[in-house]
Amino acid sequence: MRKHSVIESTPNSPLSRRPSFSRRSFLKVFSAAGAAACASAAKPAEAQNTEKQEELMTVLDISKCVGCGECVAACKESNAHKYPTVRKPIPKMFPPRVKVEDWSDKKDVDDRLTPYNWLYIQTAELEHDGEDFELNIPRRCLHCTNPPCANLCPWGAALKEDTGIVRIDEDICLGGAKCRTVCPWHIPQRQSGAGLYLDLLPRFAGNGTMLKCDRCYDKIAEGKEPACITACPEDIQTIGPRSMMIKHAKALAASMNGYIYGLDENGGTNTIYVSPVPFEKINNAIEKGRGRPNLAPVKNSMANEETLTSALIAAPLAGIAAGVLKIFSDARKEKQND
């Protein structure tokens with residue numbers, strides 16, 4: 001019989017203590033970060049405050065996850081209003097270089113990432129130091145600190161907020177999938193037949209819209225926690241200011257003689273996994289492929305000179321493109337509301 005890793009704790013052990021901040025202090029951080037993000041979006045560029053809030057990071061103790069799926073269900077329910085509406089028949093592309101990816105009739109799929117499922121549970125059964133483990137790992141976007149998806153999107157549709165959240169603006173995304181190509185884990189997923197391209201260039205644009213976890217940015221802006229965190233009955237996730245969460249992750253890893261993933265991967269992410277088993281072994285034990293990301297070591301993709309040059313060239317063009325697409329998007333919404 002497989003068994004979960006059980007970490008014993010005492011009243012004074014690192015595992016029995018949360019970091020020295022309360023839920024109220026969390027909400028203060030969320031409110032301040034959300035207000036700053038909203039204010040930043042509302043102000044002209046020259047009037048924006050240059051002082052940034054500290055980014056938010058999530059730490060996941062996967063030794064505690066039982067794979068119940070409550071987080072997956074909560075994510076779907078909370079974000080259902082963001083899911084795309086598909087217009088059929090889906091236009092064929094010319095030239096036919098981009099394949100149709102239609103998940104509109106498979107919305108219940110929850111064993112991989114899809115446009116309608118931004119979080120799923122990977123399970124790894126393995127042996128380490130003579131002990132059998134069954135580990136469950138909630139997988140979603142890792143929200144990189146220097147995200148290639150946001151740096152290299154040619155249309156400026158992917159963006160990183162001051163909160164550390166990396167998200168895709170569905171109003172201007174054309175579904176070109178550059179974000180998925182440059183993501184080390186290939187996280188974003190395309191839904192064809194939805195989005196701005198239908199009214200702009202239905203046979204020549206990107207063939208849909210890209211979707212992924214946006215860490216419930218709208219809830220964060222309201223001072224609330226992401227849906228997956230509040231729904232978890234095992235309390236495996238902790239969210240807070242990045243510097244504090246790094247200390248928490250390191251203390252947690254030390255307490256179980258464990259391992260950390262995400263702190264250095266791709267130059268650092270704002271999602272950190274802590275495990276009692278080396279991630280190399282976990283990566284060898286999980287199912288990988290389309291919509292099922294790996295847990296392998298990842299070099300900093302934005303440290304590559306060629307990639308940096310591409311980002312520098314793309315940035316001003318993407319800004320212009322985003323502005324133009326936003327005008328089209330607003331006009332499209334007005335037409336739909338008439």
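Trainee: In this predicted model, is N270 buried or exposed, judged by its relative accessible area?
Mentor: The relative accessible area of N270 is 0%. The term buried applies under 20%, so N270 at 0% counts as buried.

Trainee: Which residue is joined to the side chain of N270 by a polar contact?
Mentor: N270 is found in the loop between strand 9 and strand 10. Leaving out residues up to four places away in sequence, N270 touches residues including L56, M57, T58, H143 and R242. A polar contact of 2.7 Å joins the side chain of N270 to that of R242.

Trainee: Why is strand 1 described as largely enclosed by the rest of the structure?
Mentor: L56, T58 and L60 point one way from strand 1, while M57, V59 and D61 point the other way. Residues on both sides are buried. Strand 1 is therefore largely enclosed, the number of its buried residues being 6 of the 6.

Trainee: Which element supplies the largest share of the largest nonpolar core?
Mentor: This core has 49 residues, and those with the most contacts inside it are I137, W185, Y261 and I282. Elements that each supply at least two of its residues include strand 1, helix 2, strand 3 and helix 9. The largest share, 4 residues, comes from strand 2.

Trainee: How many residues has the other core that lies apart from it?
Mentor: Nonpolar side chains tend to be buried together in soluble globular proteins. Among the residues of this other core are C149, A158, C173 and M210. The number of its residues is 12.

Trainee: What is the angle between the planes of Y83 and W118?
Mentor: The whole structure holds 3 aromatic pairs. Y83 and W118 form one that is edge-to-face, with 5.5 Å from centre to centre. Both residues lie in the loop between helix 2 and strand 2, 35 residues apart.

Trainee: Which residue forms one aromatic cluster with Y83 and W118?
Mentor: Y83 and W118 are both buried. The cluster that contains them also includes Y116.

Trainee: Why is the pair of Y261 and F279 called tilted?
Mentor: Y261 lies in strand 9 and F279 in helix 9, so the pair ties together parts that are 18 residues apart in sequence. Both Y261 and F279 are buried. Their ring centres are 5.4 Å apart, and the pair is tilted because the angle between the planes is 40°.

Trainee: Over which ring does the charged end of R167 sit?
Mentor: K106 has its charged end over the ring of W103, 4.2 Å from the centre. For R167, the charged end is 4.0 Å from the centre of the ring over which it sits, that of Y217.

Trainee: Which residue makes a side-chain polar contact with D105?
Mentor: D105 is found in the loop between helix 2 and strand 2. With a relative accessible area of 66%, D105 is exposed. A polar contact of 3.2 Å joins its side chain to that of K88.

Trainee: What is the omega of the peptide bond from K88 to P89?
Mentor: P89 lies in the loop between helix 2 and strand 2. The bond from K88 to P89 is cis, with omega near 5°.

Trainee: What relative accessibility has H186, and what has N266?
Mentor: H186 has a positive phi of about 55° although it is not a glycine, and N266 also has a positive phi of about 55° without being a glycine. H186 is placed in the loop between helix 4 and strand 6, whereas N266 is found in the loop between strand 9 and strand 10. H186 counts as partly exposed at 44%. N266 counts as buried at 0%.

Note on methods. Residues are numbered from 1 along each chain as its sequence is written. This is a predicted model: local features need pLDDT of at least 70, side-chain atom pairs count only at pLDDT 80 or more; totals for chains, interfaces and linings use all residues. Side-chain values use heavy atoms; hydrogens and water are left out. Buried means under 20% relative accessible area, exposed over 50%, partly exposed in between (1.4 Å probe, protein chains only). A nonpolar core is a set of buried Ala, Val, Leu, Ile, Met, Phe, Trp, Tyr and Cys residues joined through side-chain atoms within 4.5 Å. Rings of Phe, Tyr and Trp (its six-membered ring) pair if their centres lie within 6.5 Å; planes under 30 degrees apart count as stacked, over 60 as edge-to-face and the rest as tilted. A charge sits over a ring if NZ of Lys or CZ of Arg is within 6 Å of the ring centre and within 35 degrees of the ring normal. A polar contact is a pair of N or O atoms within 3.5 Å; within protein, one must be able to donate a hydrogen and the other to accept it, and residues adjacent in sequence count only if both atoms are side-chain atoms. Contact means heavy atoms within 4.5 Å.
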